[in-house]
Amino acid sequence: MSDEELRTLLEDAAGDPGRPDVNGLLHVMRRRRARRRVAFRGTTAVALATVGALALTGPLSGATASGPTHLKTVGALTTYSSCDALLTDLQARAMPLVGPYGYSGNGQTFSSLSGSSVQGLSRPAAPSSAAASAGPAAAPAEAPLAHSSTTDRTRGVDEPDITKTDGRLFLSLRGGVLRVYDAVHPALLGSVTLGDKGAPNYNGHAGGPTTPGLLLDRSRAVVTGLTPLVIRQNDSRGTTTTAVVDLGNPAHPTVTRELAIDGDLVDARLIDDLPRLVVHAAPPELRWFSPADGSAAAQAEATDRNKQLLRASTIADWLPTYALTDGSGRDLGHGRLFDCDAVERDTAPSDGADLVGVTAFDPASLAAPTGGLAVVGAGNTAYAVGEHLWIATGRLGGGFLGGVNCSQGTFCPASGIPSGTQGVPSTQLHGFDISDPAHTSELASTTLAGGLESDASLNEANGVLSVLLSSGGPEPGQSTQETTLVDLRVAHGSLTQLGTLAHLSPGDTLQSARWIGNLAYLVTFKAIDPLLLIDLSNPATPVVRATLPSADTSTYLLQSDTGRLLGIGNAGNGTALKLYGVDDPDSPALLATTKLAGGGSTVENDPHTLLYWRAGRLLFLPSYDGKVRVTTIGRDTLTPAFTLTQAAHPGRASDHVDRAVLIGNDAWTVSDRGVLVSNLAGGADVAWLPS
Amino acid sequence: MGGRDDEAFKRLVTSTWPALVRLGRLLVADNHAAEDLAQTALLKTWEHWPRLRAPEAASAYARTTLIRDASRFRDKRRREDRREPATLPEPEGDDPHVATPTQLMVRGALALLPYDQRAALVLRYLLDLSEAETAKLLGVPPGTVKSRCARAGVALRASGVLLPQGGRL
């Protein structure tokens, strides 16, 4: 066959491309853009003032009769009397979703990640060590250095991230490889490949719920959210793996445990040294039929047969399972992550046939995950504080399927989010009491009208959960777009509406929020772009204390060491920093503003990329041009300090620095290219550790 | 930010979709997966848009992204379940794309090749790239491209898809 014939053969085989789903993609793109403007996290370490007497009466000042309706007292949960009862309920919930091709909604199936069945897990890859230097193989014996930590939402509750340090070791998880470095004398000590389970998730989407992340627990790394890169249709569900890597001998990091879960690992939190895993299980994909032709009769027949398939499903199809193996693949236990008696549901009518729950996983023991509890419902956003863990259906779905439009009067199988009326999305909220790892108990579970942007839209303090909800349609900037704050009294089995503040910044979209003490600081964007200060001292009557119009928007807010509010946002071709004085909540003032070059900051995608070193008053911001710009956050000033760049070292132009970590007197900046260690006094290179 | 807007995005999608999906189909042999790859590549290109040197670079960036993502795509079903190309089943599920038996057969035969050989062949013969361009995209020396294409040709002939009627490969 000649070259020409081969060309023709391939040309023909490639086929007719069909038409792209432009609107679908546009939707995903807009959501991602909205997400990039709404990337906010915060620490809530500031002591909270005591709350005054609560007025538990009806409508309150600031609340309006129009706008989304909220709830009075809801949230009670109930168990099922038997596995049959649970199965029947789940089937009934899923039945309306079934169409001629399986679950319908937007014509997309949502189990895009799948792998081998849970019990048939392949052995973990043999660990490999790669010492880039001739350093000693034993663990460094010196005292750990002072170091920064992940920019978590709640101080003391660590979140998985791609870099971790304890001042002795520095861990970096990139491209499926976990590298272990000596943090005291910068050098690569060892690494382990986590196989294709360690690669970024299929669409490489950073910051999404299935991105692999690390938790560092003494001498172990717990790697969460590993997913195999297999797209397979008609498979029941994805498999997510959590691996435990022993770091006792850092030159030879060894996988000692693998926990494979039949479902999505939404997120994880390290609480009291024990990882808590948040698991979501979508309705199972069965071996769906499809219509024989385009006729209505064929469609109806396929739908009927699919409904029969659903009726014939067993409880085993629905309940997520786990398989725990040791480093050599030996079975340490397998079974249901949540059994029928550990599944609860809202007593009020609710929609969706997903399951979402929490379980504790002790990486040190041989025991299987314990104390799990699940509720019928969906969630992709986790917020842990104190003894509570909230799971909500944020509009940031994560992954490619996150852009499913839920406002068309159809169900969204990807998240179980039911449609609201007239384009108002809704948010499921599930609270868990995780004070006893051996026994997770239910808090409350309900559905609120309005969309939730991210975990920073939630804040719990003193028994009150404040929620920022967006309404008016999924498109930012729609004329009816507005933000509402709802205060809910939290108790076991109930959420009681205490107060509401509606119509915040009509026409604007919520961009960022920070909760400090009794105040909530909000930035919205579109028309006015204000900074709003909301007083929550009396949760029954939240009030706007002040509004400060501002020229640019901030997608991230943090509190400086001198009590100033710092806003970070992308503006034009750079990053805008704004320093606000908020000592007097009635009259906030803009004290300083500066613009950093570099095309914008990656903080808008993922707050973990930000490093704020309070003691040194330095803010490290990786920018899209690959450099990290360091700014001194003074009491009333913003001053450029220095810039760190890896450009001198070989690599691709697309290798962006996305992490900055402080260890001792040095800043470690990380990209796919490698790790650059720079001295803080001026930014001189201390070490370059290529990948 | 940076002058992007919905219209530009729509133009990007409409203009680059056909080439991306067709390329994807030959690289992963599964139409559904190919469309996912194309969509992902488009979204990633859009996110990278401000950093592109020129808007014309978008389609090349999308293509490069797709090639890289496709290389990470491992279809365990095909590794576990090798069949004769002629008996590969139709993709199931919601898939309005209808491929002819010949198209399925050729895609199936391609899928049986090791990815490295498949990618080299597709880049050379579908995209009509030179050996040097293919080498650069795949990150290998040009000589490697030549030998991979040669081996791909041998394998395809053995599978019966390519008729051994002389000519060189």
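**A strand, its sheet and other packing**

Modeller: Because this is a predicted model, side-chain atom pairs count only at pLDDT 80 or more, and what follows should be read with that in mind. I begin with strand S6 of chain A, residues 169-174, which pairs with strand S7 of chain A, residues 177-182, in the antiparallel sense over 6 bridges. Within that pairing, A:Phe170 has A:Tyr181 in S7(A) as its bridge partner. The two strands belong to an open sheet of 4 strands in chain A, ordered S5-S6-S7-S8 and paired antiparallel. Its edges are strand S5 (163-165) and strand S8 (187-193) of chain A, each of which pairs on one side only, and the twist from one strand to the next averages 15°.

The side chain of A:Phe170 brings in another part of the chain. Over all chains, the structure holds 4 aromatic pairs. One of them is formed by A:Phe170 and A:Trp668, with 4.8 Å centre to centre and 40° between the planes, an arrangement that counts as tilted. This pair links distant parts of the chain, since A:Phe170 lies in strand S6 of chain A and A:Trp668 in strand S41 (residues 666-670) of chain A, 498 residues apart.

Further along chain A, strand S42 (residues 674-679) and strand S43 (residues 685-690) run antiparallel and are joined by 5 bridges. In this pairing A:Ser678 stands opposite A:Asp685 of S43(A). S42(A) and S43(A) form a hairpin with 5 residues between them, and in its turn A:Gly682 has a positive phi of about 105°.

A second open sheet in chain A can be set beside the one described above. Its 4 strands follow the order S32-S33-S34-S35, again with antiparallel pairing; strand S32 (556-559) and strand S35 (589-596) are the edge strands, each pairing on one side only. Here the twist averages 20° from one strand to the next. S32(A) is joined by 4 bridges to strand S33 (residues 565-571) of chain A, with the two running antiparallel, and A:Leu558 has A:Leu566 in S33(A) as its bridge partner.

The crossing in which H2(B) passes H3(B) is right-handed.

B:Glu131, B:Thr134 and B:Ala135 in H7(B) meet B:Pro142, B:Val145 and B:Lys146 in H8(B), and the residues of the contact divide into 3 nonpolar, 1 polar and 2 charged.

To return to the strand that opened this answer, A:Phe170 is both the bridge partner of A:Tyr181 and one member of the tilted pair with A:Trp668.

Methods: Residues are numbered from 1 along each chain as its sequence is written. Chains are lettered from A and ligands numbered from 1 in the order in which they are written. This is a predicted model: local features need pLDDT of at least 70, side-chain atom pairs count only at pLDDT 80 or more; totals for chains, interfaces and linings use all residues. Side-chain values use heavy atoms; hydrogens and water are left out. A crossing is left-handed if the near helix is turned anticlockwise from the far one by less than a right angle, and right-handed if clockwise. Two strands pair if DSSP finds at least two bridges between them. Axes are lines fitted to C-alpha atoms, for helices over the stretch in contact, and angles run from 0 to 180 degrees between N-to-C directions. Contact means heavy atoms within 4.5 Å. Ala, Val, Leu, Ile, Met, Phe, Trp, Tyr, Cys and Pro count as nonpolar, Asp, Glu, Lys and Arg as charged, and the others, Gly among them, as polar. Rings of Phe, Tyr and Trp (its six-membered ring) pair if their centres lie within 6.5 Å; planes under 30 degrees apart count as stacked, over 60 as edge-to-face and the rest as tilted.
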